[in-house]
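User: Can you walk me through this one? I have the sequence and the model open.

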Amino acid sequence: MNKLSKASVVLVISALFFVSCSTVPITGRRQLSLVPESEMIAMGATNYSEFMKENPLSSDKTGTALVKETGKNISDAVIKHFSDNNLSSQLNGYQWEFNLISNDTTPNAWCMPGGKVVVYSGLLPYTKDKNGLAVVISHEIAHAVARHGSERMSQQLLIQMGGMAMGEAVKNKPDQTKSIYNTVFGLGAQVGVLLPYSREHEYEADKLGLIFMAMAGYDPNSAVEFWERMSSMGGQKPPEFLSTHPSDASRIQKIKDVMPEVMTYYRKQ
């Protein structure tokens, strides 16, 4: 099918939105959902496996332990919240895993659909401590459980394949489907470097991430300090994490705006 015109895309999105949508946990935002999460998790597992074969784990035992501990605490809090609110089915197929990769020159982190989280060693000088690390990991987990990747994949399937079902796309156009997935997640030449999310997705991941880290007992107030630190350290060439997660005064202000609500979830350790 030929690519749709912009006007056609708007009309088709409007029609599909009412029959193919899901709801983001906690925020309640409705989102386009043409891709089964099981499909996203399967493709994510394949790409994650390929990445791990090509990138060495960090030999930093302290940093590795901190990443794994922080990740487990936050994911446990997410699992509990979803269970307490009868949302456990939304995490079906998730197999959480947290790894620190040896790459001191690339301050970055990402989470694949299904709960595979990678932190690059080059990000640790920016996170400073467990609370700063919790800001990063919870933000990436938020992108995953809010299914932002699936939403972007749905949008691209609609634009490039006219809304073809994921299963049909994989069967009939496997190369194009893989290309779309790689584009959505920034895979390929720069595996694991996510393309910029929309501003809406970023703000949503900020809020959800703050709530998740608060549930796990990490101080959400540290998020403001972290983003200010990241912004000030950017210099002429911002760190990789900033290139995919824009930090500016507006974002920091929005974090401050939602802090009263976030603090209601805070469980001090």
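User: Which residue in β5 does Trp-110 stand opposite?
Analyst: Trp-110 stands opposite Val-118 in β5. This is a predicted model, where local features need pLDDT of at least 70 and side-chain atom pairs count only at pLDDT 80 or more, while totals for chains, interfaces and linings use all residues. Residues are numbered from 1 along each chain as its sequence is written, and side-chain values use heavy atoms, leaving out hydrogens and water.

User: How do β4 and β5 pair?
Analyst: In the antiparallel sense, over four bridges. Strands (E, at least two residues) and helices (H or I, at least four) are DSSP runs numbered from the N terminus, and two strands pair if DSSP finds at least two bridges between them.

User: What is the strand order in the sheet?
Analyst: The order is β3-β5-β4, in an open sheet of three strands with mixed pairing. β3 (97–101) and β4 (109–112) stand at the edges with a single partner strand each, so one side of each has no neighbour in the sheet.

User: Which helix packs on the sheet?
Analyst: α5 does, touching β3, β4 and β5. Its direction makes about 30 degrees with that of β4. Angles run from 0 to 180 degrees between N-to-C directions, and axes are lines fitted to C-alpha atoms, for helices over the stretch in contact.

User: And how does α5 cross α10?
Analyst: The axes of α5 (residues 130–145) and α10 (residues 222–233) come within 9 Å and cross at roughly 80 degrees. That makes α5 roughly perpendicular to α10 (the term covers 65 to 115 degrees).

User: Which residues of α5 and α10 meet there?
Analyst: Asn-131, Gly-132, Val-135 and Val-136 in α5 meet Ser-222, Ala-223, Phe-226 and Trp-227 in α10. Contact means heavy atoms within 4.5 Å.

User: New topic. How many residues has the largest nonpolar core?
Analyst: It has 49, and Ile-74, Val-119, Ile-141, Phe-212 and Trp-227 have the most contacts inside it. The largest share, nine residues, comes from α5. Such a core is a set of buried Ala, Val, Leu, Ile, Met, Phe, Trp, Tyr and Cys residues joined through side-chain atoms within 4.5 Å; buried means under 20% relative accessible area, exposed over 50% and partly exposed in between, with a 1.4 Å probe and protein chains only.

User: Last one: where is Thr-27 found?
Analyst: Thr-27 is in the loop between β1 (21–23) and β2 (30–32). Thr-27 is partly exposed, with a relative accessible area of 30%. Not counting residues up to four places away in sequence, Thr-27 touches Glu-204 and Leu-208.

Key. Parallel < 35°, antiparallel > 145°, perpendicular 65-115°, else oblique.
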